[in-house]
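Please look through this briefing with the sequence and the model side by side.

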Amino acid sequence: MKPNLAIQAFLGLYILIFFLYLFGPLVIMSVTAFNSAEFPAITPWECFSFRWFNEGKIAYDGQRLAGLVTDRPLHEGIISSLIIAAGVVTLSVPIGMAAAIVLTQVNSRLRTLFYSMSIMPVLFPGVIIGISTVVLWDRIATLGGDGFISELGRNGIFLTILGQTCFISTYCFLIFVARLQRFDTTQEEAALDLGASQSQVFLKILVPYLMPAIGSSAVIAFLASFENYNTTVFSILSEQTLTTVIASKVRLGISPAISALALVIICLTLIGAFFYEISRRSNQRKKDRENKVKMFSEVSENRLVEERPKFFRIPKSIFVFLLLLILAVLTWQQLIKNNMYGAECVEKAEASKKSNFADQLKLLQQNAESVETTDESEGNASRSNEYNDIFGDQNLFKDFGGFDSDKNEESENGATRSNEYNDIFGDPNLFKNFGGFDNKE
Amino acid sequence: MNSFYRKNGPVIATFFLVAIIFWLIFLIVIPQLYMLDLSFRPNLPPLLRGGPDDVYTLTHYKHFLYGSETSKDAYNYVDIGVFLDTIITAVLVTVINLCFCYPIAFYIAKLATPNTARLLVLALVIPFWINELLRSFAIRILFAGEGVINNILLELGLITTAVNFIALDIALYTGLTYAYILLMIFPLYNALESLDTNQLEAAKDLGSSTLRTHWRIVIPHAKAGIASGCTMVFMLTAGALATPVVLSSPNTYWFTQLIYQWFNMNDNWSRGSAYSIILLVVSVTFVLLMMRLFKVTIGEVVR
Amino acid sequence: MSAEVELQNVSIAFGNFYAAKNVNVKIGAGEFFSFLGPSGCGKTTLLRAVSGFLEPSQGKVLIDGQDMSGIGPNKRPTSLIFQNLALFPLMSVADNIAFSLEVRGHDKKSRRKRADELLDLVALNGQGDKKVHELSGGQKQRVAIARALAVEPKVLLLDEPLSALDLKLRQKMRTELRAIQQRVGITFIYITHDQGEALTMSDRVGVMNDGELEQVGTCYDVYEAPCTPFVATFVGENNAFFGKVEKVESGKVKVQTGGSSFIGQAGLGLDNKNYKFKAGDEVIMFVRPEAISLKGNSKKAQNSFSAEVKTIEFEGNLKNIFLRSAEDVDIRFSVPSSSDTSGMEPSKNVSLSFSQDNAVVLPTGALALD
């Protein structure tokens with residue numbers, strides 16, 4: 001079916017928008033990781049820096065914002081996430097495999113029941129799986145007394161492994177079911193007929209056949225476990241995993257360190273995808289070669305000629321790469337030109353913020369003298385809350401409302417709010433400076 | 001059972017049985033049943049469990065409907081409101097997702113060349129290897145008061161003051177749509193891919209317009225895939241926690257956040273369980289009703 | 001080493017459906033025996049009972065006089081060649097062939113040696129390291145045979161192994177299979193719906209229909225002296241004249257069919273005795289297409305009738321002529337392609353005849369659906 005030109009153009013545009021929607025947020029988030037400002041944003045651009053990947057910063061007001069390298073809770077979270085993921089993989093892959101194999105053996109009435117039960121966990125909200133695991137094991141732990149069972153029942157990592165295994169096994173199960181649908185069961189019979197025992201049939205015929213499914217379900221199980229939040233947040237109890245650390249970070253304060261972390265994960269994903277694609281292509285080539293050999297024996301030669309000029313082909317991806325490179329160089333030049341890179345810039349920005357902060361402090365003190373004491377304490381409280389409880393304080397949210405609205409508030413409500421605003425977004429001058437970025441060009 | 005053992009041999013058969021019983025009984029059935037049981041019991045400290053006070057009661061469900069005994073309202077408007085809000089939003093998100101994904105899925109399945117299709121599929125998958133929390137975080141940056149969208153709109157002169165997308169819940173809806181888009185695309189894609197292209201050509205040949213072809217041929221064929229995608233997206237959206245945690249405005253709650261509160265902040269596990277059961281029962285019933293309405297079976301839905 | 005296989009009263013039921021019913025047959029050691037029947041007649045089920053994948057609901061399978069009940073397929077001295085061959089796609093050709101030795105714990109070197117020997121036997125020398133999917137259909141066939149022979153089974157069971165091949169290759173493989181059977185000297189039990197295969201390769205044939213074994217005999221017997229209408233119509237082509245016995249006279253039966261009456265031989269029953277008919281019995285008279293000729297060509301012809309030509313079909317070595325007799329019976333007869341059929345245009349009436357000796361009279365019963 002070939003659609004006409006108008007439809008094609010529309011479709012192209014649609015796809016563009018769709019992928020913009022998919023990737024836009026991620027790209028912007030990645031860029032904010034390099035902005036030295038405390039709030040993840042592209043504008044106002046403070047300085048280009050790697051601080052959020054390294055040491056983070058200790059703000060002039062004593063606020064400590066950790067970077068990736070210095071963030072201990074994050075590292076611990078990653079380690080427990082890895083432990084959990086390993087546990088989930090070792091449990092859910094065999095479970096999924098066993099269930100899928102047995103599904104092929106039971107009669108049709110039992111099969112429907114069995115299948116429905118097996119896919120139920122996917123449809124259950126993850127929250128509920130987490131809760132049910134915790135309440136059950138808490139009960140078991142209480143009944144179990146002081147011994148090992150009670151330890152186990154209150155071990156967040158153990159509970160998380162169980163909770164996640166509950167639904168991740170279903171993912172594995174579905175992967176195995178799909179693979180087994182294409183399995184020729186006469187192979188098993190042939191092996192049996194040739195004298196293999198049932199275990200030998202399983203190990204020498206079925207397992208090798210299922211190997212690709214074992215691999216992919218292990219990867220899926222690992223990723224699903226690593227990413228999971230909804231179940232984990234309940235079942236992890238007092239421990240922390242990567243996702244709960246991220247969640248508490250997002251909850252406590254929006255910091256570009258999270259962007260930096262996201263960028264690292266994105267890069268790992270891209271590298272993974274890249275290698276996956278490479279290996280897939282080389283497999284494809286191998287298959288093509290084999291097919292060609294077969295074709296030579298079956299097809300007359302005049303059909304096989306046209307493959308020669310391959311030598312001259314330049315892969316299209318190179319152009320994309322070059323374009324990206326040029327863009328990167330141009331951006332870099334702009335950064336240098338505007339003196340928005342490096343320690344010097346960061347220092348300057350910090351200094352200006354510090355003096356700003358001092359000014360504001362002074363202003364605050366002046367205000368405090370004129371305004372009632374309750375107001376002052378409120379102002380202070382909101383400051384200390386600023387990073388700690390962005391979600392808690394409803395008013396604070398309005399502060400993110402924007403630059404202009406804040407200015408309005410400043411005139412009405414006194415300085416406190418706009419001060420906070422400035423703390424977060426940095427020097428207003430810097431914003432202008434960035435605005436000039438385009439004009440100079 | 002005997003033939004099962006004979007078919008698989010004793011070692012393997014035992015392994016199968018242990019694995020399946022462990023999973024189905026210990027991981028799926030018993031926890032849910034225990035949670036159901038707990039939801040009908042008063043909130044007691046662990047030591048009093050099993051004691052004389054541990055009797056069956058409907059308090060938690062009553063609380064959901066009528067609010068606490070001290071409240072003056074006839075019904076628990078807050079919780080019921082949050083619940084209805086969650087369900088309705090989940091439905092909306094599902095419908096938007098379906099409309100949004102259908103053209104893409106159709107394009108990848110039927111119009112694109114195999115190579116393009118493969119690349120697009122890969123491109124679809126990549127964002128979803130990144131944590132849901134982080135994706136929501138990206139949306140949050142985008143929609144922040146000083147974020148990219150506000151800046152662009154201001155620059156263009158479309159608005160004069162920045163819009164608070166988060167307080168308006170626009171960020172939340174966008175984030176929820178974004179979060180599970182893949183789970184809509186893939187079932188659709190699988191269903192559409194199995195459609196014989198000849199059918200499309202035949203329809204065209206018989207003079208059917210593009211829209212009519214879709215309405216009469218493609219959509220009926222993809223019904224199971226559509227149902228599957230919608231079920232997944234609806235269930236996951238209704239049960240979402242990560243995205244609302246990052247994106248909901250402080251005065252909007254998602255129902256799972258309520259559950260979370262009862263559970264972790266107020267330490268009332270029984271009530272948390274009861275609310276979980278409500279969410280589970282209502283959303284499963286809703287899905288089953290929809291499946292009855294559109295005449296698809298559960299086996300077709302999850303494949 | 002070869003072994004005798006005996007099925008005693010074997011019935012196999014799935015629920016209330018009988019896939020095989022009261023099958024009794026004794027297959028001699030070293031014999032090439034074929035079960036011939038249409039698809040769904042239960043022959044594959046029977047084979048699975050012999051190889052051990054199924055236990056008969058009633059009756060016994062004996063191999064070399066030993067009762068096989070309770071003995072699994074991996075413990076029986078039989079090897080099965082599957083319809084789809086069931087080669088292991090992830091293993092090399094040599095590994096496939098030596099699989100049965102691998103599971104018995106033979107070391108790598110002896111396995112390879114045996115694989116090479118067997119590759120020689122099936123004329124595939126030097127192909128051991130190839131992958132299965134690199135082979136052509138005929139080569140795969142040979143690998144399957146070699147694999148089945150690797151453990152030196154006493155009985156080789158073959159489940160329509162040639163059905164996936166094209167005609168030429170099939171014919172070649174028939175000859176080869178027969179040659180291999182004679183070389184290794186073991187019992188072959190072959191299953192097919194293709195009477196050509198059964199007749200060319202086998203020592204004896206068992207014709208099956210609806211789960212029952214209708215007739216067992218040499219190829220010649222089955223073709224020339226069918227015991228039942230089903231066998232008469234399933235094996236080769238046959239013209240069927242339905243009618244009533246008019247009278248019986250010294251082994252000859254006179255049958256009244258439509259307007260005319262023909263004389264034929266009473267057929268042989270399963271007990272190897274001629275059927276006893278009496279006047280008024282409902283019978284069918286079978287005449288092979290090649291036994292019919294144009295009137296006047298044969299002196300012996302004693303039955304004659306006239307019919308209208310419908311169509312003429314050219315089939316290489318033969319011409320098939322389809323007619324309808326005055327009594328509305330469809331007749332088919334065949335002449336060599338070289339013979340003159342100039343007088344036989346469609347809608348012309350011709351006179352035909354056949355000899356009494358070539359007409360077999362059997363009691364009524366089910367016919368093969370073509």
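Helix 6 of chain B crosses helix 8 of chain B in a right-handed way, where a crossing is left-handed if the near helix is turned anticlockwise from the far one by less than a right angle, and right-handed if clockwise. This is a predicted model, in which local features need pLDDT of at least 70 and side-chain atom pairs count only at pLDDT 80 or more, while totals for chains, interfaces and linings use all residues. Residues are numbered from 1 along each chain as its sequence is written, and chains are lettered from A and ligands numbered from 1 in the order in which they are written.

**Helices 6 and 8 of chain B**
- Helix 6 (residues 132–143) and helix 8 (residues 170–179) of chain B pack at an angle of about 140 degrees with their axes 10 Å apart; axes are lines fitted to C-alpha atoms, for helices over the stretch in contact, and angles run from 0 to 180 degrees between N-to-C directions.
- Helices (H or I, at least four residues) and strands (E, at least two) are DSSP runs, numbered from the N terminus.
- On the side of helix 6 of chain B, the residues that meet helix 8 of chain B include E132(B), I139(B) and F143(B), and their partners in helix 8 include I170(B), T174(B) and Y178(B); two residues are in contact if their C-beta atoms, placed from the backbone, lie within 7 Å.
- This contact has 6 nonpolar, 3 polar and 3 charged residues, with Ala, Val, Leu, Ile, Met, Phe, Trp, Tyr, Cys and Pro counted as nonpolar, Asp, Glu, Lys and Arg as charged, and the others, Gly among them, as polar.

**Helix pairs in chain A**
- Helix 4 (residues 126–143) and helix 6 (residues 156–181) of chain A have axes that come within 9 Å and cross at roughly 135 degrees.
- Helix 4 of chain A and helix 6 of chain A are therefore oblique to each other, since angles under 35 degrees count as roughly parallel, over 145 as roughly antiparallel, 65 to 115 as roughly perpendicular and the rest as oblique.
- Helix 4 of chain A passes helix 6 of chain A in a right-handed crossing, and the contact between them has 7 nonpolar, 4 polar and no charged residues.
- Helix 7 of chain A also passes helix 8 of chain A in a right-handed crossing, and Q187(A), E188(A), A191(A) and L192(A) of helix 7 meet V201(A), K204(A), I205(A) and L206(A) of helix 8.

**Where chain A touches chain C**
- The contact takes 18 residues from chain A and 18 residues from chain C.
- Helix 7 of chain A gives the most to the side of chain A that touches chain C, with 7 residues, and that side divides into 8 nonpolar, 5 polar and 5 charged residues.

**Buried regions and chain C**
- The largest nonpolar core has 259 residues, and those with the most contacts inside it are A105(B) and L188(B); a nonpolar core is a set of buried Ala, Val, Leu, Ile, Met, Phe, Trp, Tyr and Cys residues joined through C-beta atoms within 7 Å.
- Buried residues make up 42% of the 370 residues in chain C, where a residue is buried if 20 or more other C-beta atoms lie within 10 Å of its own, exposed if 12 or fewer, and partly exposed in between, with C-beta atoms placed from the backbone.
- Chain C has 9 helices and 20 strands.
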